[in-house]
Amino acid sequence: MEYEAVIGLEIHAQLLTATKIFCGCSAAFGAEPNTHICPTCLGLPGALPVLNRAAVDHAIRAALALGCTVHEGSIFARKNYFYPDLPKGYQISQYEQPLATQGAVDLDGVPGPRRVGITRVHLEEDAGKSVHEGFVDSDRKTYVDYNRSGVPLIEIVTEPDLRSAGDAAAFFTRLRALLVWLGVNDGNMEEGSLRCDANVSVRPAGATALGTKAEVKNLNSFRFLEQALEYEIDRQIAELRDGGRIVQETRLWDAAAGRTISMRSKEEAHDYRYFPDPDLPAVEVDAERLSRIRAAMPELPDARRRRFVDSLALPEYDAAQLTQSLAVAEYFERAVAAGAAPKMAANWIMGELARALKDAGADAATSPLAPEQLAGLIALIEKGTISGSIAKSVFEKMFASGRSADEIVASESLTQISDESQIAALVADVLAKHPDPVAQYRAGKTTTFGFLVGQVMKAAGGKANPKRVNDLLKRALEP
Amino acid sequence: MTSDRMTTSAGITVRSVRDDVRARARSASDVCRAALARIESLDPHLHAFNTVVGERALARAAEIDRDFDRWRDRPLVGVPVAVKDNMCTRGVRTTASSRMLEHYVPPYDATAVERLEAAGAVIVGKTNCDEFSMGSSNENSAFGPVHNPWALDRIPGGTSGGSAAAVAARITPLALGSDTGGSIRQPASLCGVVGLKPTYGRVSRYGLIAFASSLDQIGPIARTVDDAALALNVIAGADPRDATSAPEAVPDFTAALTGDVRGARIGVPRALLEHGVDVQVSRAIMTALDTLASRGATLVDVQLPHAEYAIPVYYLVATAEASSNLARYDGVRYGFRAAPGASHPAPGTQHSAPSTQHSALGTMYAQTRARGFGPEVKRRIMLGTYVLSAGYYDAYYLKAQQVRTLILRDYEQAFSGADAVDAIAMPTSPTPAFKIGERVDDPLQMYLADVFTVSANLTGLPAVSVPCGFADNGLPIGLQLTGRRFDEAGLLRLADAYQRDTEWWKPAPPIVTG
């Protein structure tokens, strides 16, 4: 029997606010342990939470970009469980009335377009971090860092609309790009600011009922997400084929072993005893706030991609590449606005610039070369002032020094030689110096032509217009 | 203000102390020393204080005297105050009368504490109370009960029993209490003093160790309504650190105390008072209402059909919230932690479910909570956990919240329309103070002590208890008035008018008179 997988994802994304969701502590990653703490995020007796409006705005941005309905009123609830990194013994989250529901993301890729439903987007606080390793007494003790306690999160829950590990990875890639695009999340899975869990089940292909699901946790990189889902799908199918059955449980991806392992069964599942948090009034989002946030949102990647194809005549591939991050798309648009031909700008940005940025450990937003400068370089190529090969070295110099293309070309006399008499003299000189290849060419061995072109270019210091060199050399070699 | 009344009264009031210090008739230091001396002589009999901060108090008083120009015009300059030991005081042990927090020293001040000190008040100590404010008799303190100044073998009421006893015994003219189901009003009633639970949201809860967040409210305990109004002026008002604190403007509550109650309508829920109320208590309440009527108020019958459900609703909502609020006491970050290896489960502790239960961590949690909490706190955590559990939430917690809305509607109906009343009168407690130990084995009987007080918490409405008589055995009786939302001014006007016509607040208890 053939089986198909049914997958839904739960994504936790830290919001890029300056301060935590319920207190004024910094939400920044990487500080000395337990330095970004106060009575509230430590859960000291008597301390109370006060909602950070900026976190709500970020969450609304994400919800709108995911096509969700943002509700006028939503409720914070307490999720009760004991863990040392959870200072209050409950996490402030949302349960019965979340911030936003019923969105969708279009996944167009192989095999064909697919719509992934978004069940809900809700706000919650992150927990602290238990540190089990790295101390001399780590074999006996666990240390806890509460810097992360109270960092704002959104949880995004999808419908079970994904059908393969590849689908899930494609969706997650798209989602991550969108969140980063919006400035809502930094997309950093290594630091844990973006995390993913999956609900996985399998069923006979074509069936409509859902199979028993397992929740797979700890999918903290794109690679792990795909590997873990593939493993889990195969495991479940093998189990069923062997006449077994799937038990509802929570499983953990063990990256070292390359498999998922059972963490707790349904019977051991927590009863979180959710109830509305009496310390926090309902979150109210009126129409005015919603439209203000909507108006200030950047054009979303899909819309921008279509525009690049429709009005700038870019190939689909280029448009997709250039809209993978907001910074790159903005860079491209600025280059075009400064006069660069769109396709040439696209080539340079996806090619030379991408490589140089990667080598320099920078990105489009922090590029030492401004898009207007790149447009200046492209203009010189289009005018024929410099050749394509010279342009590459000019680009390197611009990138390294921040000088303009005009400056570099002028100061280093890189202007292309297009003057026919100048090139004709160089050609005559080369023909005189290399009688053998000339004779061979004339005898029909035309492969020596390339050698002669090279000699002319060398004599011109690389600056001769290659097309003119070709034309004049051919004419001179004709009997 | 009625200064004649102040001068003829036995003992000091907030106003008289404040005025004396302001006029430099007495120094803040003298006032403070006198209060500390009273603690020294009386508290061994009362056990009203968990912690006395003599040096800190004297240093503050000395600072007021030294930098007098800066402090002179503050509304509570030089007034000694006792603060219930469930409000955080920076650098001063704050225990909530629990083993769990026996040695806990907060790094910050509760907003109410901060505002008191900014107003020139001098905190002399932290008062004993029921553990985490759970109880009706103060017998649930991990550090032993408070004794009623009127009869040392009696309970002072709970949970702010130490605060009420301190004021009744003239140790301080003012104390802060907190009230989740009557915890200010009931001890005020049983100790013969004035206790005000303001409207929910009127006073910031920041720094108040939570019992039930939707019910908890800080308020003053004093001997006169005027003093309570002076204190409310200081502690009331929005606080950016408490999202449930109200933005309502804070009037000068003392300005409302005009003595003029002509035309005021007082609702009397007679049906409610027919059962379970001590005869002497009913008689005192009816006489008190006649006094108000003779000053020009009108008595009106009102119906509160859902009031009979207030106790069960209260014990569902309060325990549910408490089970969550007290989860933070887990031995990980602060407070009591059971030593590793201690593996004697408390009687009745069952090790069932999750994996953590069998781990060292699970054992630490279980032992810490089994030994750190007293029996009533554990009882309520278990009740509340049950109430919120999957499968029971709708039947208990949700249903309780629905009935809570019905109770509020009863009150709103009484306070609105053509027959609208301005306040509703009831006894604060169905009986005078009972004996220490009398009800400890019968929690249900104990819970019924709150029958008249919990509604004000469930509805969020302001309510005050004012002394209205003594039983034959000399124990005080209190009249409770419940007012409109944020109309503490109107409520206090009635209570103050009543005090102008009566002397119940004047006699000192035997422990003071000797």
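This is a predicted model: local features need pLDDT of at least 70, side-chain atom pairs count only at pLDDT 80 or more; totals for chains, interfaces and linings use all residues.
Chain A is divided by its domain assignment into domain 1 (3-288), domain 2 (298-411) and domain 3 (420-477). Taken over C-alpha atoms, the centres of domain 1 of chain A and domain 3 of chain A are separated by 66 Å.

Side chains of opposite charge can pair when their charged atoms come close. Over all chains, a search of the whole structure finds 57 salt bridges. One of these joins the side chains of Arg114(A) and Asp167(A), with an N to O distance of 2.1 Å. This pair links distant parts of the chain, since Arg114(A) belongs to strand β7 (residues 112-125) of chain A and Asp167(A) to helix α2 (residues 165-181) of chain A, 53 residues apart. The two partners can also be described by their accessibility. Arg114(A) has a relative accessible area of 26% and is therefore partly exposed. Asp167(A), with a relative accessible area of 7%, is buried.

Glu232(A) forms a salt bridge with Arg251(A), and the closest N and O atoms are 3.4 Å apart. Here too distant parts of the chain are linked: Glu232(A) lies in helix α3 (residues 222-241) of chain A and Arg251(A) in strand β13 (residues 249-254) of chain A, 19 residues apart. Both Glu232(A) and Arg251(A) are buried. Arg251(A) also forms a salt bridge with Glu249(A), in which the closest N and O atoms are 2.6 Å apart. Arg251(A) counts as buried because its relative accessibility is 8%, and buried means under 20%. Glu249(A), at 10% relative accessibility, likewise counts as buried.

Elsewhere in chain A, a network of salt bridges links Glu299(A), Arg304(A), Arg307(A), Glu330(A) and Glu333(A).

One backbone feature of chain A also deserves attention. Asn218(A) has a phi near 75 degrees, a positive value in a residue other than glycine. Asn218(A) is found in the loop between β12 (214-217) and α3 of chain A. With a relative accessible area of 36%, Asn218(A) is partly exposed.

In chain B, attention turns to the sheet. Eleven strands form an open sheet with mixed pairing, in the order β1-β3-β2-β4-β6-β5-β10-β11-β9-β7-β8 (chain B).

Strand β4 (residues 174-179) of chain B pairs with strand β6 (residues 217-222) of chain B in the antiparallel sense over six bridges. Within this pairing, Gly177(B) has Gly219(B) in β6(B) as its bridge partner, and Leu174(B) has Ala222(B) in β6(B). Strand β2 (residues 80-84) of chain B, by contrast, pairs with β4(B) in the parallel sense over three bridges. The bridge partner of Val83(B) in β4(B) is Leu176(B).

Six of the six residues of β4(B) are buried. Both faces of the strand are covered: Leu174(B), Leu176(B) and Ser178(B) are buried on one side, and Ala175(B), Gly177(B) and Asp179(B) are buried on the other.

Ala96(B), although not a glycine, has a positive phi of about 55 degrees. Ala96(B) is found in the loop between β2 and α6 (111-118) of chain B, and at 0% relative accessibility Ala96(B) counts as buried. The peptide bond from Gly158(B) to Thr159(B) is cis, with omega near 10 degrees. Thr159(B) lies in the loop between β3 (122-127) and α7 (161-168) of chain B.

Finally, the surface of chain B carries a nonpolar patch formed by Tyr386(B), Tyr392(B) and Tyr396(B), which together have about 280 Å² of accessible area. Tyr392(B) lies in the loop between α13 (375-388) and α14 (394-414) of chain B. At 34% relative accessibility, Tyr392(B) counts as partly exposed.

Methods: Residues are numbered from 1 along each chain as its sequence is written. Chains are lettered from A and ligands numbered from 1 in the order in which they are written. Side-chain values use heavy atoms; hydrogens and water are left out. Domain bounds come from an automatic or database domain assignment. Two strands pair if DSSP finds at least two bridges between them. Helices (H or I, at least four residues) and strands (E, at least two) are DSSP runs, numbered from the N terminus. Buried means under 20% relative accessible area, exposed over 50%, partly exposed in between (1.4 Å probe, protein chains only). Patches are made of residues with over 30% relative accessible area and no salt bridge: like charges are joined within 9 Å, nonpolar side chains (Val, Leu, Ile, Met, Phe, Trp, Tyr) within 5 Å. Accessible areas come from the Shrake-Rupley method with a 1.4 Å probe; for residues, only the protein chains shown count as cover. A salt bridge is a side-chain nitrogen of Lys or Arg within 4 Å of a carboxyl oxygen of Asp or Glu.
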